[in-house]
Amino acid sequence: MIVCHCGVVNDRAVVDAVRGGARTLAGVCRSTGAGRGCGGCIFSIKRLLCEHQDDPALQEVDVAAS
């Protein structure tokens, strides 16, 4: 399923980024190229990140610090 239409990024790429070490929303966006256009995909990416991340609290700390 396409998550980011602007960057043509699918859900599998987001999950692969998380499994590859991306632990924040910003990290997933950097890794996949998603979220750089309209921003409409951010909530879907965050949902996938939370579903596949070991400790969802880590993403909030890193985003707040960036």
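Reader: Ala22 first. Buried or exposed?
Author: Ala22 counts as buried because its relative accessibility is 9%. Buried means under 20% relative accessible area, exposed over 50%, and partly exposed in between, with a 1.4 Å probe and protein chains only.
Reader: Before we go on, what am I looking at?
Author: This is a predicted model: local features need pLDDT of at least 70, side-chain atom pairs count only at pLDDT 80 or more, and totals for chains, interfaces and linings use all residues. Residues are numbered from 1 along each chain as its sequence is written, and side-chain values use heavy atoms, with hydrogens and water left out.
Reader: Where does Ala22 lie?
Author: In the loop between helix H1 (11-19) and helix H2 (25-32). Helices (H or I, at least four residues) and strands (E, at least two) are DSSP runs, numbered from the N terminus.
Reader: Which residues is Ala22 in contact with, leaving aside neighbours within four places in sequence?
Author: Ala17, Gly27, Val28 and Leu49. Contact means heavy atoms within 4.5 Å.
Reader: Now H1. Which residues are buried there?
Author: Val14, Val15, Ala17 and Val18. They sit on the same side of H1, because they cover an arc of only 155 degrees around the axis. That arc is taken from the directions from the helix axis to the C-beta atoms.
Reader: What do they pack against?
Author: The buried residues of H1 pack against strand E2 (9-10), H2 and helix H3 (42-52).
Reader: Which exposed residues are on the face turned away?
Author: Arg12 and Arg19.
Reader: What caps the N-terminal end of H1?
Author: Asn10, with a side-chain oxygen 3.2 Å from the backbone nitrogen of Arg12.
Reader: And what follows H1?
Author: Gly21, with a positive phi near 120 degrees.
Reader: Switching to Val8. What is its phi?
Author: Positive, about 50 degrees, although Val8 is not a glycine. Val8 is in the loop between strand E1 (2-4) and E2, and it counts as exposed because its relative accessibility is 63%.
Reader: Last one, the whole chain. In what order do the elements run?
Author: From the N terminus, β-β-α-α-α-α. That comes to 4 helices and 2 strands. Of the 66 residues, 32% are buried.

Methods. A polar contact is a pair of N or O atoms within 3.5 Å; within protein, one must be able to donate a hydrogen and the other to accept it, and residues adjacent in sequence count only if both atoms are side-chain atoms.
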